[in-house]
Amino acid sequence: MPIVDVSPGVSLAYETFGDACDAPVLLVMGFGAQMIAWHEDLCRALAGRGRYVIRYDNRDCGLSTTFDDHPVDMDRFIAAVSSGDLRSALAMVPYTLQDMADDGLGLLTALGIERAHVVGSSMGGMIAQTMAISHPERVLTLTSMMSSTGESAYGQSRPEAQAVLFSPKPADREGYIAAADRELLWASKRYGNTAVLRELAARSYDRSYYPAGVGRQLGAMILSGSRADALKELRVPTLVIHGLDDTLIDPSGGRRTADLVPGAELLLIPDMGHDRPRELWPEIIDALEAHTG
């Protein structure tokens, strides 16, 4: 697995699919998830449509750089945010979504790619939006998938889904894998599959079990604030994809993103939750091929 320096002190693990002469598509994964959550079969299928596909581990996840010197006490952090003490909350978190966006752009630079189509899922959608806002000259097209704008009135999680997201997972391998069943709560109602969830959990655990990074990523996401005003000014061709079964980020987050970005296309997919079930890959890949064409 190649690992490359993208900035002083930060290295990212990445993998590519397809011909480097084809149009580059950078896949940005979400909160606490490793790049393998972009299934390799999905990456190969997209590469088969004439795209050079790049997936990578965000900082504090997988095989990329971790920030062990900056532990985050989640109870203190949540208390500070809840009380409105953002100064204290900011002091606890060592980086922002902008830093994570700069990581992805730094990866493109390291690979000799000046501009790319950027596709982000969940928190990865927020990172991808931030890339397009801060460096539109580097982003050929933006695809924001199952994500939101940072505004509190849109894309909120259902309480039961949020409870699962924030509940600690068992540290032992068997318990960690079994806990993946809880993610059915936000998966596609029609296609949700515990075997698929457990398989990814097992691969993730064996590849890199690292729960400490979750708190820092969460802090960066919570403290990023609203991107609404910046999205209104965005002139990057944008596709917004959201599943109507999504209970982790309500579809209002996708609708709001598409409403804000001038000319954005909105694709709402029935039977899709906060996941990408294999049964829906043809529709997703067709949409990405058309948008990045």
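I take exposed to mean over 50% relative accessible area, buried to mean under 20%, and partly exposed to mean anything in between. I also note at the start that this is a predicted model.

**Entry 1: helix 10**

With that cut-off in hand, I looked up Asp229, which is exposed because its relative accessible area is 60%. Lys232 has 39%, so I put it down as partly exposed. The side chains of these two residues meet in a salt bridge, with 3.9 Å from N to O. Asp229 and Lys232 are three residues apart in helix 10, which means that about one helical turn separates them.

**Entry 2: helix 1**

Which residues of helix 1 are buried? I listed Glu40, Leu42, Cys43, Leu46 and Ala47. Looking down the helix axis, I saw that these buried residues fall within an arc of 160°, so they line one face of helix 1. They pack against strand 2, strand 3, strand 4, helix 8 and helix 12. For the whole structure, my search gave 17 salt bridges.

Gly243 lies in strand 7. Is Gly243 buried or exposed? I found it buried, because its relative accessible area is 0%. Leaving out residues up to four places away in sequence, Gly243 touches Pro251, Ile269, Met272 and Gly273. Pro251 belongs to helix 11, residues 251-260, and is one of the buried residues there, which also include Gly253, Gly254 and Thr257. The cover over the buried residues of helix 11 includes helix 5, strand 6, helix 10, strand 7 and strand 8. I also noted that Gly243 and Ala187 are 56 residues apart in sequence, yet 9.5 Å apart in space from C-alpha to C-alpha.

Asp245 forms a salt bridge with Lys189, and their closest N and O atoms are 3.7 Å apart. Asp245 sits in the loop between strand 7 and helix 11, while Lys189 sits in the loop between helix 7 and helix 8, so the pair ties together parts that are 56 residues apart in sequence. Asp245 is buried at 12% relative accessible area, whereas Lys189 is exposed at 63%.

**Entry 3: Arg59**

I looked next at Arg59, in the loop between strand 4 and helix 2. Arg59 counts as buried because its relative accessible area is 7%. Not counting residues up to four places away in sequence, its contacts include Val10, Leu12, Tyr95, Asp99, Asp103 and Gln217.

**Entry 4: strand 1**

Strand 1 and strand 2 run antiparallel and are joined by four bridges. They form a hairpin with two residues between them, and Gly9 in the turn has a positive phi of about 85°. Ile3 is in strand 1, and its bridge partner in strand 2 is Ala13. Together with Met1 and Leu63, Ile3 makes a nonpolar surface patch of about 280 Å².

How values were computed: Residues numbered from 1 in each chain as written. Predicted model: local features only at pLDDT ≥ 70, side-chain atom pairs only at ≥ 80, totals over all residues. Heavy atoms only, no water. Buried < 20%, exposed > 50% of the residue type's maximum accessible area, 1.4 Å probe, protein only. Arc of directions from axis to C-beta. Contact = heavy atoms within 4.5 Å. Patch = residues over 30% accessible without salt bridge, like charges linked within 9 Å, V, L, I, M, F, W, Y side chains within 5 Å. Areas by Shrake-Rupley, 256 points an atom, 1.4 Å probe, with all protein chains shown as cover. Salt bridge = Lys/Arg side-chain N within 4 Å of Asp/Glu carboxyl O. Pairing = 2+ DSSP bridges.
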